[in-house]
Amino acid sequence: MPQYETILLKNMSRPGYTGSLTDYERAGGYQALRKVLGKVAPTEVTEMVKRSGLRGRGGAGFPTGVKWSFLPKDYQGPTYLCCNADESEPGTFKDRQLIERDPHQILEGIAIASYAIGAETAYIYIRGEFVLGAKILEQALVEARAAGYLGCNILGTGVTLDVWVHRGAGAYICGEETALLESLEGKRGLPRVKPPFPATHGLYNKPTVVNNVETLANLPHIINKGPDWFASIGSPPKSTGTRIFCVSGHVKQPGNYEVPMGITFRELIYEHAGGMRSEKPLKAFIPGGASAAFFTPEHLDVKMDFESVAQAGSMLGSGGVTVMEEGTSMVWAALRLSEFFYHESCGKCTPCREGTSWVLQTMQRIWKHQGCQEDLAILLDLCQHITGRTVCAFGDALIAPIVSTLTYWRHEYEALIQAAATESLISLSTRSRDPGQTGHP
Ligand SMILES: Cc1cc2nc3c(=O)[nH]c(=O)nc-3n(C[C@H](O)[C@H](O)[C@H](O)COP(=O)(O)O)c2cc1C
């Protein structure tokens with residue numbers, strides 16, 4: 001099996017590494033912050049991040065340095081950084097490992113990003129269920145403040161930054177950056193209409209950057225080893241660096257694997273994750289979290305970089321790879337995800353609020369052998385009317401499992417519909433032979 005040098009998970013693989021400040025410093029931690037604070041101009045830090053090619057690891061893959069450069073220049077009021085630690089996408093569990101096992105790596109990333117964008121206050125928005133993670137981050141903040149890496153006059157440079165942990169209440173939508181900002185402001189977590197974008201009108205209507213945990217954790221390494229080093233890893237020029245892929249489902253070794261971008265799904269699933277858990281062959285996999293369209297065995301040799309996965313009709317998204325073996329019902333898999341999206345729709349946009357309910361009811365009908373051929377057309381029509389018509393990308397997410405399973409496994413839907421027709425014929429003929437039945441329900 002090919003072995004790759006890890007970047008983000010490296011510290012935690014050291015024997016006895018606890019993630020404490022002492023351990024992190026011993027592993028070279030906070031050297032990058034020392035290198036930049038007061039020595040490299042903030043704009044130069046942004047340029048370095050642009051040169052590294054780093055793209056967001058939260059889902060959309062937006063170039064990080066470019067996002068930072070959208071903030072208004074020479075703005076006189078406060079600017080904020082928000083670290084998105086909501087990690088609510090089903091099948092995704094990488095940020096949690098970074099938070100629990102190496103919290104200072106994230107804090108150093110937050111400090112570097114805040115310096116680059118001129119933020120003196122940063123928030124870590126962490127999903128409510130991550131109780132342990134929130135405690136670990138709080139503890140790490142105490143250590144970092146005491147050591148002078150946060151607070152006023154950091155390392156004697158005159159730079160100020162304080163960081164706060166804010167616990168969410170466990171709503172998927174609060175991972176969407178503008179719903180996150182609403183929630184952080186104490187309001188109900190509903191996405192905002194964009195534009196204006198957070199870069200100009202973000203938290204408390206001030207210029208704000210929202211970045212994912214893994215995105216920020218890369219920053220100390222880009223500073224320490226240089227943007228060109230980072231840009232040479234993975235699948236340059238558009239997909240640089242490593243990614244932590246979260247493999248779950250019917251594999252022998254589910255877990256987080258940090259590999260350079262651009263390896264194939266086949267390598268990730270069969271070599272790193274140990275292959276299928278039983279003799280049953282792979283039937284399907286989700287390449288990038290529940291919002292991504294399903295792939296088939298034909299897609300195993302697609303490269304795991306932003307462009308290749310998009311070209312093949314899905315997305316790398318949050319990095320959650322869920323593997324399903326032969327024998328899994330794809331209608332059932334899509335139904336489970338429809339239940340999730342129905343439960344999590346925030347209700348702000350009509351197509352999503354009403355559409356998730358319609359999609360779920362139709363899927364349930366088909367699954368319970370009560371569907372008819374017309375239901376397939378209804379499903380596709382619903383999906384067509386949801387996509388692109390919602391304030392945030394939730395609408396696109398909810399249709400992905402439906403449309404992709406209908407594309408590749410339509411026969412499974414049809415078999416359930418055929419079963420419904422057969423059962424109804426049998427029940428009709430039984431009733432017609434039974435004089436006690438009136439034929440009325
Ligand atoms: C419904 C929905 C849920 C999202 N959930 C998350 C999440 O849990 N964590 C995350 O980092 N980004 C999530 N995102 C993406 C964020 O809106 C945003 O793009 C990201 O935090 C930006 O950080 P990045 O540029 O570092 O990737 C979600 C987006 C949508 C539409």
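In which element is asparagine 153 found? The points below begin with that residue; the model under discussion is a predicted one.

1. Asparagine 153 is found in strand E3. Although this residue is not a glycine, its phi is positive, at about 50°.

2. Strand E3 comprises residues 151-154 and is joined to E4 by two bridges, the two strands running antiparallel. Isoleucine 154 stands opposite valine 159 in E4. The two strands form a hairpin with four residues between them, and in the turn leucine 155 has a positive phi of about 50°.

3. E4 also pairs with strand E2 (residues 121-126), here in the parallel sense and over six bridges. Tyrosine 125 has histidine 166 of E4 as its bridge partner.

4. The second largest cavity has a volume of about 30 Å³. Its lining consists of Leu33, Leu37, Ala111, Ser114, Tyr115, Ala119, Ile154, Val159, Thr160 and Leu161. Helix H6 (103-117) and strand E4 (159-167) are the elements that give two or more residues to this lining. By type, the lining residues of the second largest cavity are eight nonpolar and two polar, with no charged residue.

5. The structure holds two cavities of 30 Å³ or more. The largest cavity has a volume of about 40 Å³. Among the residues that line it are Ile173, Pro191, Lys348, Thr390 and Phe394, together with the cysteines Cys346, Cys349, Cys352 and Cys392. The lining of the largest cavity divides into seven nonpolar residues, three polar and one charged.

6. The largest pocket has a volume of about 1300 Å³. It is lined by 48 residues, and Gly58, Gly59, Ala60, Gly175 and Glu177 are those nearest its centre. The lining contains 19 nonpolar, 17 polar and twelve charged residues. Helix H5 (94-101), strand E5 (208-212), helix H13 (306-311) and helix H17 (394-408) each supply at least two residues to it. E5 gives the most, with five residues.

7. Which residues are closest to the ligand? Of the 18 residues that surround it, the closest are Gly58, Lys67, Asn84, Asn212 and Thr215. An N or O atom in the side chain of asparagine 84 is 2.9 Å from an oxygen atom of the ligand. A backbone N or O atom of arginine 57 lies 3.3 Å from a ligand oxygen atom. For glycine 175, a backbone N or O atom lies 3.3 Å from a nitrogen atom of the ligand. Gly58 is listed among the residues closest to the ligand and also among those nearest the centre of the largest pocket.

8. Is strand E10 mostly covered or mostly open? E10 (residues 282-286) is mostly covered, since five of its five residues are buried. Four bridges join E10 to strand E11 (residues 320-325), and the two run antiparallel. Within this pairing, alanine 284 has methionine 324 of E11 as its bridge partner.

9. Two cis peptide bonds deserve a check by the reader. The bond from proline 195 to proline 196 is cis, with omega near 5°, and proline 196 lies in the loop between helix H8 (177-184) and E5. The bond from proline 236 to proline 237 is likewise cis, with omega near 5°. Proline 237 is in the loop between strand E6 (234-235) and strand E7 (239-240).

10. Aspartate 74 is not a glycine, yet it has a positive phi of about 55°. Its place is in the loop between H4 and strand E1 (80-85). Why does aspartate 74 count as exposed? Its relative accessible area is 71%, and exposed means over 50%.

11. Proline 63 lies in the loop between helix H3 (42-52) and helix H4 (64-69). Its relative accessibility is 31%, so proline 63 counts as partly exposed. From C-alpha to C-alpha, proline 63 and threonine 390 are 24 Å apart in space, and 327 residues apart in sequence. Threonine 390 is one of the residues that line the largest cavity.

Key: Residues numbered from 1 in each chain as written. Predicted model: local features only at pLDDT ≥ 70, side-chain atom pairs only at ≥ 80, totals over all residues. Heavy atoms only, no water. 1 Å grid on protein atoms, 1.4 Å probe; cavity = no way out; pocket = protein on both sides within 12 Å on 5 of 7 lines; lining within 4 Å. Points joined across faces, edges and corners; volume = space filled by probe spheres on them. Nonpolar A, V, L, I, M, F, W, Y, C, P; charged D, E, K, R; others polar. Buried < 20%, exposed > 50% of the residue type's maximum accessible area, 1.4 Å probe, protein only. Pairing = 2+ DSSP bridges. Near = heavy atom within 4 Å. Polar contact = N/O pair within 3.5 Å; in protein donor to acceptor, adjacent residues only side chain to side chain.
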